[in-house]
Amino acid sequence: MDIKKFLFIDIGTEFLKTFIGEANENSINLINYKNFPSEGFRNGKISDFLNFKKSLQNIFNDDELSSFTEVVLCLGGFDIHSVNMDESIIVKDVIDNKDFESLFKNYLSKITLTGYEPLMLYAPRVFINDIEIFHNPLGEVGGKLRAKGNLFVIKNEMYENINEIKNMFLDKNIYTIPNCLISYEIFKKYEYIENTAIIDIGAGTTNICLIKDNRLIAGYSLGVGSEYITNDIMQTLELDFVEAENLKKYFSKIDNKIKGQGIVVDCSNDENNPKNVQYDFIYEIIDCRVNDIIELIKTTIEQQFKGFLNNIFLLGDGVLLYNFEEKLKVAFNLPMKCGNIKELPNISVNLDILGLKFRVRKEADNLEGKLNKEPKGLGAKFKSFFKM
């Protein structure tokens, strides 16, 4: 049985987390590998493109990862969100990539969403002449093409950055998917998710996935995270980034019952020049920013989710640095479950997570003789998936 290997890169503000994915039939098993420093990326945006490229190059130079040609970038904080798509267009004859591009553009213009480009279509359903097909649609003959699914879109400028990355690493087949889909695909395998919000709070971004009756209804990213707390500490207490980050982590380990007891904390790393600050003052700085982040998350979810939430799954390294769990529990008045994807056994995701990009592979660009031939390359390896 053929096994295709993928390299998954979870792009974060502090680290680029890598997972080795082994695709078999219609699923991908993920094995956590290791973290690499993340440079040139801050609060969900590429702040320094050259350094960000170097960060990726360090991954590709790793002995264990250098041979990977199939690379999946898991994006968060790029101003990504999803819309429920159901669109059709008239095609000339044989369906090709340009037809799908036209279909996406027509839909985006119809819903007056300007300044965004299609990132991927999740859980796609494709119809030709109103008949649903379950294999690679390129090269098929038909008069009308229709597609349904969750269309994830991304800001124009970030879309251009991603294209630059693809052009710089031409020896790689680079896919791009939203981080929130990873959370959804993994956790839906462990229990039935009914009317649930998955909230992944990282250093620079927060990824949110909304589920109704175990099906994805919306996914998006917010460009805020625990690093905003670090920035507040830096500015208010006049500390450098390392001092502020260490203070934030130290603060999260202190029992907040000492508030009001006049406790003083040394905020400096320099033993010869202590910087003593009252615990209560530090508490107010951090608590104020956390309240702002919680309010933004709550407001955004209420705007996106029309109905009643039953549960919240809370993920992310940022959660560990402050009591976001209790704050969100109070804000939503809902049961709260915390988790860590890396601690879950046998992590696997559906191959459909690669979306329409996977189904309309470049191997079908040359349509001459396509109708009488099997798909080449990656398509042939997943023939069972295309024809299920």
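In this predicted model, E14 sits in the loop between β1 (4-11) and β2 (15-24). Its relative accessibility is 31%. E14 therefore counts as partly exposed, because that class lies between the 20% limit for buried and the 50% limit for exposed. E14 and E39 are 25 residues apart in sequence. In space, their C-alpha atoms are 7.8 Å apart. Leaving aside residues up to four places away in sequence, E14 touches F36, P37, S38, A203 and E245.

N150 belongs to a strand. The strand is β10, which covers residues 144-155. The relative accessible area of N150 is 8%. N150 is therefore buried, since the cut-off for that class is under 20%. The side chain of N150 makes a polar contact with the side chain of N84, at 2.8 Å.

Two helices, α5 and α7, were examined as a pair. Helix α5 spans residues 227-237, and helix α7 spans residues 279-304. Their axes come within 9 Å. The crossing angle is roughly 140°. The two helices are therefore oblique to each other, because an angle must be over 145 degrees to count as roughly antiparallel. The crossing of α5 and α7 is right-handed. On the α5 side, the contact is made by Y228, I229, D232, I233, T236 and L237. On the α7 side, the contributors are F281, I282, I285, I286, R289 and V290. By class, the contact of α5 with α7 has nine nonpolar residues, one polar residue and two charged residues.

D232 is one of the α5 residues in this contact. Its place is in helix α5. The relative accessible area of D232 is 16%. D232 is therefore buried, as the value falls under the 20% limit. Not counting residues up to four places away in sequence, D232 touches I285 and R289. Both I285 and R289 are listed on the α7 side of the helix contact.

E14, in a loop, is partly exposed. N150, in strand β10, is buried. D232, in helix α5, is buried.

How values were computed
Residues are numbered from 1 along each chain as its sequence is written. This is a predicted model: local features need pLDDT of at least 70, side-chain atom pairs count only at pLDDT 80 or more; totals for chains, interfaces and linings use all residues. Side-chain values use heavy atoms; hydrogens and water are left out. Helices (H or I, at least four residues) and strands (E, at least two) are DSSP runs, numbered from the N terminus. Buried means under 20% relative accessible area, exposed over 50%, partly exposed in between (1.4 Å probe, protein chains only). A polar contact is a pair of N or O atoms within 3.5 Å; within protein, one must be able to donate a hydrogen and the other to accept it, and residues adjacent in sequence count only if both atoms are side-chain atoms. Axes are lines fitted to C-alpha atoms, for helices over the stretch in contact, and angles run from 0 to 180 degrees between N-to-C directions. Angles under 35 degrees count as roughly parallel, over 145 as roughly antiparallel, 65 to 115 as roughly perpendicular and the rest as oblique. A crossing is left-handed if the near helix is turned anticlockwise from the far one by less than a right angle, and right-handed if clockwise. Contact means heavy atoms within 4.5 Å. Ala, Val, Leu, Ile, Met, Phe, Trp, Tyr, Cys and Pro count as nonpolar, Asp, Glu, Lys and Arg as charged, and the others, Gly among them, as polar.
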